[in-house]
Amino acid sequence: MPYSTTKSSFLNEDFLLQNDYAKVLYHQYAKDLPIIDYHNHLPPAEINANKKFENISKIWLAGDHYKWRAMRTFGINERFITGDASDEEKFKNWSKTLPYTLRNPLYHWSHLELKRYFGFDELLSEKNAAEVYKHCNTILEGDSYSTQGLLAQMKVEVVCSTDDPIDSLDQHISFHKKGKDLGLYPAFRPDKAYAIENPTTYKAYISSLSSSVGFEINSYEKMLEAMSIRIDYFHERGCRLSDHGLEQLYFYKDDAFSADSIFSQVLSGDNLSTEKVNFFKFTTLMALCKMYHAKGWVQQFHLGALRNTNERSLRILGPDTGFDSIGDFDQAKAMSGFFNALNSDDQLTKTVIYNLNPRDNEVFATMIGNYNDGSVRGKIQFGSGWWYLDQKDGMEKQLNTLSNMGLISCFIGMLTDSRSFLSFPRHEYFRRILCNLFGQDVANGELPWDEKWLGEIISGICYYNAKQYFDFSPKNIHV
């Protein structure tokens, strides 16, 4: 049968729901719940300004390295991806690519986004690209298609941005003063504070950090003092969680080096050995994690990305343009040592760990059980399928592994980890996959059909567990 612009049964109301039990669980207990998106990369300034987008390419293609990778693979010239081609030309080239993404999650995500936001119920292709471009652009002119309107359409209750310690948080403060129903909260991302691999870049960052705290940072002790001040500042403005992007966690039982000496070497412009770099990361992370514990924050660790693998493209396009991949770093031993060191002094706060390599599913799922202590329900969490694992197979494997090794009933569920305001149907995608897994177990006789109880578990994973786990509240926010 030739490629058609009609979708027939594809993406209908029971998409991904393969039996009646799954349909009941999704439509009755998951579908209409609000969204707590506790990790994403949306720009707070665009939310605060209630920005409207000029066209579908600006909101849908700009910054989306998932789509960029697919277009490069399909043979689209970079000019039509990140280059100087017009927005309409870029949209047409993505439309040309999309039919060939079959079985890639982009095929599902893209059509789901077009359907939910723009009411487009056909298949996008090169043939109808011009028509769809005009259709979407007309709809984007509506008041409900501003950034805040788009979030409201998806029933987004909380958005947590990803913010550097030196960020003023002016956009969060301004937005909070407006008294909106949406909760916009910062998340503390201190990666640059221990990224000493490049002394020149690090010295520039320390200079910026000095400006933000109002004193010269000329020692390691002063650097930690500055980070403590910034953590206090973030906390007063509603921050209740941190996030870290690392290849792996590090652990040293003894003081193999002096962090203060390493800090001085970096400020002097010295290149350091890998061991010294790793020791500095370990020491700094330990200090930060103790600060998080004192504040009652949640800490997140995104582990396993091999970044900037294409040096030529990095020079031309910069980072975060689609040239990162899954790494094969050792995780278990150092992670255990790191968490154990914090736990030994009862300074291990609520923690979420995310793996990028699927081989580590069981490692991460069993690690969390080592440090749950009964003080908090699901204190240590195996995070949802992340990045390359944020697709049907990856999510099912994460859910099944967590079910087998831990308590899926305590799971805090999905997040977008996205830079796009059109990415929130990913929560729907997750919820459908989750309900289908439970429905299949009922159909197979592996779970009892106790609709009310299963519905409570499902709604907990989709919304209520996260609402209980995170302390998102406007109380005591200093503005």
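A: Helix α18 is largely enclosed by the rest of the structure, because 16 of its 19 residues are buried. Buried means under 20% relative accessible area, exposed means over 50%, and partly exposed lies in between, for protein chains only and a 1.4 Å probe. Helices are DSSP runs of H or I with at least four residues, strands are runs of E with at least two, and both are numbered from the N terminus.

This is a predicted model, in which local features need pLDDT of at least 70, side-chain atom pairs count only at pLDDT 80 or more, and totals for chains, interfaces and linings use all residues. Residues are numbered from 1 along each chain as its sequence is written, and side-chain values use heavy atoms, without hydrogens or water.

Helix α18 covers residues 425-443. From first C-alpha to last, α18 reaches 27 Å, close to the expected 27 Å. That expected span is 1.5 Å times one less than the number of residues. Just after α18, G445 takes a positive phi of about 75°.

Next, the nonpolar packing. The largest nonpolar core has 151 residues. Such a core joins buried Ala, Val, Leu, Ile, Met, Phe, Trp, Tyr and Cys residues through side-chain atoms within 4.5 Å. I56, W60, M223, F280, F301, F338 and F339 touch the most other members. Helix α13 (residues 274-295) gives the largest share, 11 residues. Domain 1 (52-141) and domain 2 (165-476) each supply at least three residues; the bounds come from an automatic or database domain assignment.

Take F280. Leaving out residues up to four places away in sequence, the contacts of F280 include Y194, Y202, Y220, M223 and F263. Contact means heavy atoms within 4.5 Å.

Now the charged pairs. The structure holds 28 salt bridges, each a side-chain nitrogen of Lys or Arg within 4 Å of a carboxyl oxygen of Asp or Glu. One of them joins R189 and D243, with the closest N and O atoms 2.4 Å apart. R189 sits in the loop between β3 (183-185) and α10 (199-213), and D243 in strand β4 (241-246), so the pair ties together parts 54 residues apart in sequence. R189 counts as buried, at 16% relative accessibility. D243 is buried too, at 1%.

D143 pairs with K52 at 3.9 Å. D143 is exposed, at 70%, and K52 is partly exposed, at 38%.
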